[in-house]
Amino acid sequence: MPIEFTLNGAPCRVPTRPGESLLETLRERCGIASLKDGCSPQGQCGCCLALVDGHPKVTCAMPAVAADGKTIVTLEGVAATERDLIARAFAAAAGLQCGFCIPGIALRAKHLTDKKPDPSRADIARAIDVHLCRCTGYVKVVDAIALLARAKRGESLPEPCADGRVGSSLARYRAAEHTVGERDYVDDLTRPGMLHGAVVLSPHPRAKVVRIDTTRARAHPGVVAVATAADVPGERWYGLLYRDWPGFVAPGEEVRCVGDVLAAVAAVDRHTARAAAQLVDIEYEVLPPVLDPEAALAPTAPLVNPRHENRLSHSVIRRGDADGALARSAHVVSGTWTTQRIEHCYLEPESALAEPLPDGRLGLYTQGQGVFDDRRQVAEFLGVGEDRIFVELVPNGGAFGGKEDMSIQAQTALLAHLTGRPVKLTLSREESIRLHPKRHPITMRYSVGCDADGRLTAVKARMLGDSGAYASVGSKVLERAAGHACGPYRVPHVDVEAIAAYTNNPPCGAMRGFGANQAHFAIEGCMDLLAQRAGLDGWEMRWRNALEVGDMFSTGQVLEKSVGIKRTLAAVRDRYYEAKRRGRAVGIACGLKNSGIGNGAEEWGKARLVVESDGTVSLYNGYTEMGQGLLTVLIQFAVEVTGLPATLFRPKVDSTYALGCGQTTGSRATMFGGRAVMTAAAKLRADLDAGQTLTQLAGREYAADVVTKDTTPLGAPVAKVKTHTSFGYATQLCILDAQGRVEHFIAAHDVGRAVNPALCEGQIEGSIHMGLGYALTEDLPCVNGMPVTFKLRDLGVLRARDMPQVEVILVEEPEPEGPLGAKGVGEIGLVPTAAAVAGALEAYDGVRRTTLPMKDSPAARAMSVGRIRSA
Ligand code: FES
Ligand code: FES
């Protein structure tokens with residue numbers, strides 16, 4: 001049925017189909033790309049906001065027919081001068097990270113500041129309540145809107161950072177375009193003749209696939225291809241550590257979780273593809289699932305994954321005699337700490353576009369965290385050489401570890417391969433939640449001892465993590481949990497075992513913090529309990545045990561440099577005692593997190609600087625930008641070395657050059673990528689110093705591949721243990737108000753060198769937001785292997801008005817192996833957070849909580865989200 005409306009000042013008449021949302025009409029029929037689809041049709045993220053007759057509306061929840069006769073304004077229709085002001089305000093305040101949520105928030109900001117020229121921070125937080133941002137913690141988003149309001153009242157915006165050198169707060173690369181919706185994400189891309197894909201997922205966590213019949217789907221009008229396992233020309237099984245994950249489950253095999261793909265459809269439009277996917281007939285023989293990791297380890301348990309026994313991994317650390325030391329300790333605390341499965345909840349659901357290129361290669365446009373891993377796995381899936389696949393990272397709308405594994409890249413590539421046409425496949429929010437790996441639930445039994453002075457004597461820990469149906473990087477997560485079992489403390493006797501188990505639950509894999517968060521929740525809880533026994537306060541207990549240069553980390557590594565934990569403790573000392581003096585419930589927790597994967601992995605930084613004929617310099621590197629600001633800081637390293645202006649550099653992440661570095665994971669991209677960029681930039685600098693101009697250097701390439709391969713595997717019998725290249729350190733304070741609500745969070749972080757202080761702060765603020773949700777409200781319980789909800793609001797991700805005041809203190813303890821002293825900051829921000837909250841809650845009501853999320857607390861009950869109870 002056709003509808004008519006005014007869109008950005010112009011009359012518009014478009015056909016619609018029954019049930020079509022206004023979002024679909026505006027994006028698919030009118031080409032409005034500033035509206036993003038983060039959760040349609042839930043109406044719970046705000047990414048699709050438009051002004052309808054002057055009122056802000058989430059268009060995914062509005063039927064298209066309801067817009068008939070209305071006047072609609074999107075960012076594309078905002079006057080150029082105001083768009084520019086909005087863009088500059090967000091850039092100046094560092095008010096965006098991945099940017100996916102920002103166009104919706106930016107339009108809301110325009111509306112708010114039109115109606116209320118001088119909004120308070122509380123006004124702003126209330127106004128953006130419908131908007132979800134997973135990256136920023138809203139702190140700098142609110143700053144940006146306040147700045148916009150001031151600018152609209154006639155005040156000048158701050159001048160953009162001029163030099164862009166290391167240590168300056170250079171605005172995020174392409175911040176302005178992201179803000180006003182001019183940067184395309186994968187789902188914004190279109191191609192002539194493009195088809196749309198859809199997948200068929202298993203409804204069962206465990207069942208034998210008896211038969212797949214695609215007859216009805218193929219006959220559906222508009223369908224061009226239906227693919228199943230039989231169509232895969234190459235290796236059907238992929239995986240980052242083990243090939244245990246089939247791109248399609250074949251008849252005769254078992255499905256292992258509710259995210260398993262059985263078939264994929266390509267059709268003329270998205271709606272047709274999804275309708276046809278419903279017509280794929282699959283007969284299952286349902287089997288009892290294995291849902292408990294403890295049960296999965298029983299000798300009689302059915303094999304979850306045919307490629308590996310149910311015990312996925314077993315990490316062991318033994319130093320000294322922990323049992324003996326515990327027996328001799330003045331004080332010992334023991335207990336079980338448990339953490340929950342949570343969803344990454346990046347705002348951009350997975351999407352891929354594949355197209356045959358004129359030179360015969362297949363182009364793949366993705367938002368994955370490792371474009372070279374994507375290329376390798378897709379090439380193997382299609383049975384072609386890697387040189388037949390060109391992969392480009394399109395701006396990524398958040399990842400946090402959840403886009404390390406393949407999602408639908410291989411299926412999309414196969415559909416393009418089969419049809420010879422471009423195909424785009426984007427998951428719905430429900431499909432995304434079912435399909436991608438989550439944060440591991442881990443059960444941790446701890447015994448920790450100290451002497452009469454509160455000095456730690458021994459840590460004994462047993463951990464069991466639910467890795468779900470596929471390995472992903474689950475073994476590494478539990479290995480990392482084991483390695484971080486003692487926190488940033490000196491412990492003479494260590495006995496730690498960590499097991500990852502396969503189950504038929506959704507897979508678990510990488511997520512920001514990667515096992516360290518879980519371990520710190522337990523060890524920091526033990527520290528609080530031991531402090532009480534030893535008659536110390538939390539700060540003093542930690543100060544007495546904090547690692548220093550020359551001390552041994554739990555894995556046996558002697559720390560030789562850049563150990564900043566005591567400096568972070570010193571930075572919060574006065575605030576801690578001041579809060580106590582005021583009678584406030586205050587919790588304190590410390591943390592450390594490896595920078596670099598380590599544990600024996602060879603780690604690369606690879607970069608190419610290419611001088612272009614237009615005088616710009618293309619900056620290729622092997623790591624991905626996912627909102628953390630990598631491309632911006634790489635530019636800053638290049639500026640620092642070459643002295644050229646930041647505006648000349650054009651970062652690129654694609655497979656033009658062989659720059660495979662593995663996944664952007666382990667807080668390592670700045671450290672290793674930065675070193676490579678500095679090395680390449682030094683070569684360019686040498687030519688510039690020799691008197692050559694960029695014009696004369698056009699076409700020249702400057703290459704640098706730097707490798708680090710001196711780390712040692714966990715538990716290896718080596719003379720010198722070095723499990724990790726570097727560590728970031730942090731101390732956080734959680735201060736509650738008189739009602740037990742989180743009022744103030746103070747985070748002191750050793751970042752080595754703050755390459756870009758504003759972006760650095762933003763990483764920590766966003767992490768604290770994620771950590772508070774982890775502590776109090778976030779959960780993804782499953783019943784019979786199926787998540788109990790797919791609604792964003794139910795997942796417990798905090799809204800702007802839930803956020804306390806956050807104060808970040810940057811401490812710089814230079815890392816000699818990092819570029820200009822820098823080390824990772826992306827993950828550590830939430831490593832101590834849940835423990836700090838638990839400590840504050842105990843100070844408030846005397847209850848020591850050992851299970852996440854702490855929904856029974858006054859702090860959680862005060863939040864506007866997180867009402868779903870654990871299953
Ligand atoms: S896409 Fe409309 S609110 Fe999320
Ligand atoms: S910047 Fe808000 S979701 Fe990434």
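Angles under 35 degrees count as roughly parallel, over 145 as roughly antiparallel, 65 to 115 as roughly perpendicular and the rest as oblique. Such angles run from 0 to 180 degrees between N-to-C directions, and axes are lines fitted to C-alpha atoms, for helices over the stretch in contact. Helices (H or I, at least four residues) and strands (E, at least two) are DSSP runs, numbered from the N terminus. This is a predicted model, in which local features need pLDDT of at least 70 and side-chain atom pairs count only at pLDDT 80 or more, while totals for chains, interfaces and linings use all residues. Residues are numbered from 1 along each chain as its sequence is written, and side-chain values use heavy atoms, with hydrogens and water left out.

The axes of α2 (residues 80-92) and α3 (residues 102-115) come within 11 Å and cross at roughly 115°; α2 and α3 are therefore roughly perpendicular to each other. On the α2 side, Glu82, Ile86 and Phe90 make the contact (heavy atoms within 4.5 Å), and α3 contributes Ile102, Ile105, Ala106, Lys110 and Asp114. By class, these residues are five nonpolar, no polar and three charged. Here Ala, Val, Leu, Ile, Met, Phe, Trp, Tyr, Cys and Pro count as nonpolar, Asp, Glu, Lys and Arg as charged, and the others, Gly among them, as polar.

## Pockets

On a 1 Å grid over the protein atoms alone, a cavity is a set of points where a 1.4 Å probe fits but cannot get out, and a pocket is an open set with protein on both sides within 12 Å along at least five of seven lines; lining residues have an atom within 4 Å of a point. Grid points are joined across faces, edges and corners, and a volume is the space filled by probe spheres set on the points.

The largest pocket has a volume of about 1100 Å³. Its lining of 44 residues has Ser40, Arg270, Arg274, Ser428 and Glu431 closest to the centre, and it divides into 15 nonpolar, eleven polar and 18 charged residues. The second largest pocket holds about 680 Å³, and α2 gives the largest share of its lining, four residues. That lining comprises 20 nonpolar, three polar and six charged residues.

## Cavities

There are four cavities of 30 Å³ or more.

Notes. Chains are lettered from A and ligands numbered from 1 in the order in which they are written.
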